[in-house]
Amino acid sequence: MSGTQLDTWWTTLRARWERLRRSPEAGYSTETVLVTAMLVAAALVVVAILVVKVTEKANSISL
């Protein structure tokens with residue numbers, strides 16, 4: 001990278017950083033997506049546990 005390219009890159013990065021600092025709610029959607037993804041993962045784990053338990057119980061029933 002030449003000095004001019006590095007200066008341009010650095011200036012652009014600083015401008016974007018300042019814009020994010022001025023609007024603190026800009027990261028809200030990312031936080032919401034992450035929390036939603038974690039809740040979905042937790043729900044999948046619960047469903048998997050329930051399926052295992054129900055299957056075990058069904059297999060233990062003798063006719």
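User: How many helices and strands are in the protein chain?

Analyst: The protein chain has 2 helices and 0 strands; these are DSSP runs, with helices (H or I) of at least four residues and strands (E) of at least two, numbered from the N terminus. This is a predicted model, where local features need pLDDT of at least 70, side-chain atom pairs count only at pLDDT 80 or more, and totals for chains, interfaces and linings use all residues. Residues are numbered from 1 along each chain as its sequence is written, and side-chain values use heavy atoms, leaving out hydrogens and water.

User: Where does Trp10 lie?

Analyst: Trp10 lies in helix α1, which covers residues 3–22.

User: What makes the pair of Trp9 and Trp10 tilted?

Analyst: Rings of Phe, Tyr and Trp (its six-membered ring) pair if their centres lie within 6.5 Å; planes under 30 degrees apart are stacked, over 60 edge-to-face, and the rest tilted. Here the centres are 6.2 Å apart and the planes at 40°, so the pair is tilted. A search of the whole structure finds 1 aromatic pair.
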